[in-house]
Amino acid sequence: MGAERESVIGGGAVGTACALDLAVDAHVHTGFAAGRDAVGVVVSAADRAGLTALTFADQAGPDTTWLPAYADAVRRARHRTEMTLRVAAEVEVVRPDGWLGLPADLAPLDALSVAVSALPVGSELLGPREIRARLDAGVLTRDQVAGLLVAATVKGLERASRYVPAQLARPLALLGQAGVDDSAVTPALIAELASACRTTGALVEVSEAWRSPSPRVVQMLLDAAVLVVPASDARYAVEVGRWQYLRRV
């Protein structure tokens, strides 16, 4: 296993390259976007769960206008808790070169959580069904899909880290959605991803909601001295900091 390294978010230790700190939740949603509850409700739930650090990472894009209000809500909540609270946004990789669907103003953000929910292939974005159809038709192989996904992920992290600290949301989950076993992700591909994470300082989220990445990939990332953090991807406050998959990992 890789040498121990601490990851620090907002002054608090949130993870090491040897362990997952389950007192941290690095990705939660609110009613500003994909979630259902207000920031204050989520913070109260996190306090009850005994968390020490929480990252808000609502989905945002070029048309998002609510980031200032979102950041203000988190700042107000900081006065009511001893937890470390961070303001992030989940953004999508939309081109093979790692181009991101960024909101216009990144000033309110402490971090970007980079997601690849569709596979950039040329000028197209392929969802899970389109990937599966091309696999079935022999247009793509599973090795090609894995390679394209890792390449887009790496370039997205590199681009995001130019602006603010980056973290990787639900790594490689698109493979499972398309019916591709993560054994297609070879040690060489994991090494490529790990190198990008170390170079950019990016955290890798281990997602409770998405059960991603697999324990095999988590171990390989840890062995490569990549910083990993628990992430509930909670859309409801009651899901914040509640771990089943993470405890198995």
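"Buried" here means under 20% relative accessible area, and everything shown comes from a predicted model.

**View 1. Helix α2 and its buried side.** Meet α2, which spans residues 67-78. Its 12 residues reach 17 Å from the first C-alpha to the last, close to the 16 Å expected at 1.5 Å a residue. Look for L67, Y70, A71, A73, V74 and A77, which are buried in this helix. They cover an arc of only 155° around the axis, so they sit on the same side of α2. What do the buried residues of α2 pack against? Their partners are α1 (39-48), β5 (53-59) and β6 (84-92).

**View 2. The open sheet.** Here 7 strands line up in the order β4-β5-β6-β7-β10-β11-β12, with parallel pairing. At the edges are β4 (24-28) and β12 (228-231), each pairing on one side only. From one strand to the next, the twist averages 30°.

**View 3. Around β4 and β5.** These two strands pair in the parallel sense over 3 bridges. D25 stands opposite L54 of β5. Lying across β4, β5 and β6 is α1, which runs at about 145° to β5.

**View 4. Inside the largest nonpolar core.** This core has 74 residues, and L54, F56 and L112 touch the most other members. Helix α4 (residues 142-160) gives the most to the core, with 8 residues. Zoom in on L112 and, leaving aside residues up to four places away in sequence, you'll find that it touches A89, V91, L102, L106, A160, V164, P165, A166 and Q167.

How values were computed: Residues are numbered from 1 along each chain as its sequence is written. This is a predicted model: local features need pLDDT of at least 70, side-chain atom pairs count only at pLDDT 80 or more; totals for chains, interfaces and linings use all residues. Side-chain values use heavy atoms; hydrogens and water are left out. Helices (H or I, at least four residues) and strands (E, at least two) are DSSP runs, numbered from the N terminus. The expected span of a helix is 1.5 Å times one less than its number of residues. Buried means under 20% relative accessible area, exposed over 50%, partly exposed in between (1.4 Å probe, protein chains only). The arc is that of the directions from the helix axis to the C-beta atoms. Contact means heavy atoms within 4.5 Å. A nonpolar core is a set of buried Ala, Val, Leu, Ile, Met, Phe, Trp, Tyr and Cys residues joined through side-chain atoms within 4.5 Å. Two strands pair if DSSP finds at least two bridges between them. Axes are lines fitted to C-alpha atoms, for helices over the stretch in contact, and angles run from 0 to 180 degrees between N-to-C directions.
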